[in-house]
Amino acid sequence: MNNTTGVTAPTELLKAQKLANRLDTAFKLPFIPFRIGLDAIIGLIPGLGDAVMLIDALRIVYLGKRMGLPPGLMKVMLRNALLDFGLGFIPLVGDIVDFFYKANQANVRVMEKYWVSQNKDAIDANAKSALEAWSAKQQ
């Protein structure tokens, strides 16, 4: 969320968003309105695929820590990553769950909500300023 009035999302959040999109929603499946990412594809490799994807999921958790999320939110993010990892070990069921349970996207939403809660006044001021500028152009 970059703009001209100085309300900018932290680098950690932007990196996490990009990584989560790659892991959870990078590819659109043909003929159905559904997106999957590398997590669902690489997760098809028994054991190794899930372990590799856990490392990437933990990178998002680490970015949350660097962003300064409180311990309670860090626990939620870690639980999401470990749940996705654990379910991946159940044959077939784990692969199906990977298509629907987007743990990385969920963790980014945790980060986004926290950042917005910490920057609400600046975001509101920015929105008000943008609305006033737009309104002035309309007259």
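Helices α4 and α6 run roughly antiparallel to each other. The model is a predicted one. The axes of α4 and α6 cross at roughly 170° and come within 9 Å. Angles over 145 degrees count as roughly antiparallel, so this pair qualifies.

Look at the residues that make this contact. From α4 come L73, V76, M77, N80, A81 and D84. They meet A103, A106, N107, V110, M111 and Y114 of α6. By class, the contact of α4 with α6 holds 9 nonpolar residues, 2 polar and 1 charged.

Helix α1 covers residues 11-24, and helix α6 covers residues 103-118. The two pack at an angle of about 160°. Their axes are 8 Å apart. This pair is therefore roughly antiparallel too: α1 against α6. The crossing of α1 past α6 is left-handed. On the α1 side, the contact uses E12, L13, A16, Q17, A20, N21, L23 and D24. On the α6 side, it uses A103, N104, Q105, V108, M111, E112 and W115. The class count for α1 with α6 is 8 nonpolar, 4 polar and 3 charged.

Note two residues of α6 here. A103 and M111 meet α1. A103 and M111 also meet α4.

Helix α1 has another partner, α3. These helices pack at about 160°, with axes 9 Å apart. That angle makes α1 roughly antiparallel to α3. Again the crossing is left-handed, with α1 passing α3. The α1 residues in the contact are E12, L13, K15, A16, L19, A20 and L23. The α3 residues are M53, D56, A57, R59, I60, L63, R66 and M67. In this contact of α1 with α3, 10 residues are nonpolar, none is polar and 5 are charged.

What lies at the centre of the packing account? In soluble globular proteins, nonpolar side chains tend to be buried together. Here, the largest nonpolar core has 24 residues. L13, I60, M67, L69, M77 and M111 touch the most other members. Helices α1, α3 (48-67), α4 (71-88) and α6 each supply at least two residues. The most comes from α3, which gives 7 residues.

L13 of α1 takes part in the contact with α6 and in the contact with α3. I60 and M67 belong to the α3 side of the contact with α1. M77 is on the α4 side of the contact with α6.

M67 shows how the pieces meet. Set aside its neighbours within four places in sequence. Which residues does M67 then contact? They are P10, E12, L13, M111, Y114 and W115. Of these, E12 and L13 are among the α1 residues that meet α6.

D50 is in helix α3. Is D50 buried or exposed? It counts as buried, because its relative accessibility is 4%, and buried means under 20%. With neighbours within four places left aside, D50 contacts G43, I45, F85, G88, F89 and D98. The C-alpha atoms of D50 and Y62 lie 18 Å apart, across 12 residues of chain.

I55 is also found in helix α3. At 54% relative accessibility, I55 counts as exposed, since the cut-off for exposed is over 50%.

Leaving aside neighbours within four places, L58 contacts L78 and A81. A81 is one of the α4 residues that meet α6. The C-alpha atoms of L58 and K15 are 13 Å apart, and the two residues are 43 residues apart along the chain.

Where is F31 found? It sits in the loop between β1 (27-28) and β2 (35-36). F31 has a positive phi of about 75°, although it is not a glycine. At 87% relative accessibility, F31 counts as exposed.

Methods: Residues are numbered from 1 along each chain as its sequence is written. This is a predicted model: local features need pLDDT of at least 70, side-chain atom pairs count only at pLDDT 80 or more; totals for chains, interfaces and linings use all residues. Side-chain values use heavy atoms; hydrogens and water are left out. Axes are lines fitted to C-alpha atoms, for helices over the stretch in contact, and angles run from 0 to 180 degrees between N-to-C directions. Helices (H or I, at least four residues) and strands (E, at least two) are DSSP runs, numbered from the N terminus. Angles under 35 degrees count as roughly parallel, over 145 as roughly antiparallel, 65 to 115 as roughly perpendicular and the rest as oblique. A crossing is left-handed if the near helix is turned anticlockwise from the far one by less than a right angle, and right-handed if clockwise. Contact means heavy atoms within 4.5 Å. Ala, Val, Leu, Ile, Met, Phe, Trp, Tyr, Cys and Pro count as nonpolar, Asp, Glu, Lys and Arg as charged, and the others, Gly among them, as polar. A nonpolar core is a set of buried Ala, Val, Leu, Ile, Met, Phe, Trp, Tyr and Cys residues joined through side-chain atoms within 4.5 Å. Buried means under 20% relative accessible area, exposed over 50%, partly exposed in between (1.4 Å probe, protein chains only).
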